[in-house]
Amino acid sequence: MVSFLSFSNNASRLTHTKIMATYSITVNGETKKIDVASDTPLLWVLRDSLGLVGTKYGCGIAQCGACTVHLNGTAVRSCSLPISAIGTSKITTIEGLSKEGDHPVQQAWQEVDVPQCGYCQAGQIMSAAALLAKNPKPSEEQIATAMNGNICRCGTYHRIKEAVVLASSKIK
Ligand code: FES
Ligand code: FES
């Protein structure tokens with residue numbers, strides 16, 4: 001369904017037009033319908049429309065990784081991905097990574113006690129999980145490359161690396 005959102009009170013003058021549409025997306029294994037403008041970033045949909053606030057807003061310009069989710073298993077920056085680009089792709093957020101919070105990466109994160117303030121950590125975990133799904137035994141260089149775009153203002157990088165190595169050892 002496509003509709004036009006807002007027009008001027010003066011019918012002869014169009015001041016602002018937003019094209020709204022209904023999108024059907026698959027998030028954490030469930031189909032969700034939302035009515036949003038076509039250029040709405042996926043991050044906004046997840047947080048504001050679906051209440052999945054585990055995914056964080058950091059920079060909004062694909063530079064910090066706080067908003068990382070999986071799109072068909074690949075780590076993507078949801079702040080810079082318009083809803084119109086999702087199509088039938090499957091989205092996984094931190095809420096859907098595992099049922100009990102027991103994904104090997106989540107277990108390793110707990111064992112190493114990685115977080116400090118915690119703000120960046122959902123994005124870090126999603127990037128690490130995407131890496132290990134594709135490459136369960138990454139080299140240190142491959143870990144560094146995969147995690148490079150995830151910024152941690154608290155500087156937990158050493159513990160992040162330790163946890164990725166530990167998670168890798170848990171994956172058979
Ligand atoms: S909020 Fe998306 S990369 Fe920073
Ligand atoms: S734990 Fe604070 S920003 Fe990473």
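Predicted model: local features only at pLDDT ≥ 70, side-chain atom pairs only at ≥ 80, totals over all residues.
User: How do I read a pair of packed helices here: at what angle do the axes of helix H3 and helix H4 cross, and within what distance do they come?

Analyst: As for the general idea, a packed helix pair is described by two things, the angle between the axes and the distance between them. Here, H3 covers residues 121-134 and H4 covers residues 140-147. Their axes come within 9 Å and cross at roughly 135 degrees.

User: What does that make H3 and H4 to each other?

Analyst: At roughly 135 degrees, H3 and H4 are therefore oblique to each other. The crossing of H3 past H4 is right-handed.

User: Which residues of H3 and H4 meet?

Analyst: From H3 you have Ser127, Ala128 and Leu131, and from H4 they meet Ile143, Ala146 and Met147. Sort the residues of that contact and you get five nonpolar, one polar and no charged.

User: OK, on to the strands. How many bridges join E4 to E5, and do they run parallel or antiparallel?

Analyst: Four bridges join them, and the two strands run antiparallel. E4 and E5 form a hairpin with two residues between the strands.

User: Which phi does Asn72 take in that hairpin?

Analyst: A positive one, near 50 degrees. Worth a look, as Asn72 is not a glycine. You'll find Asn72 in the loop between E4 (68-71) and E5 (74-77).

User: Where is Asp113, and what is its phi?

Analyst: Asp113 lies in the loop between helix H2 (104-112) and H3. Its phi is near 55 degrees, again a positive value in a residue other than glycine. Asp113 counts as exposed because the count inside 10 Å is 11 C-beta neighbours.

User: Back to E4: in which sense do E4 and strand E6 pair, and over how many bridges?

Analyst: E4 pairs with E6 (residues 90-92) in the antiparallel sense, over two bridges. For a pair to look up, take His70: its bridge partner in E6 is Thr92. So much for reading strands: E4 has an antiparallel partner in E5, and another pairing, also antiparallel, with E6.

Note on methods: Residues numbered from 1 in each chain as written. Chains lettered and ligands numbered in written order. Axes fitted to C-alpha atoms, helices over the stretch in contact; angles between N-to-C directions. Parallel < 35°, antiparallel > 145°, perpendicular 65-115°, else oblique. Left-handed = near helix turned anticlockwise from the far one by under 90°. Contact = placed C-beta atoms within 7 Å. Nonpolar A, V, L, I, M, F, W, Y, C, P; charged D, E, K, R; others polar. Buried ≥ 20, exposed ≤ 12 C-beta atoms within 10 Å, placed from the backbone. Pairing = 2+ DSSP bridges.
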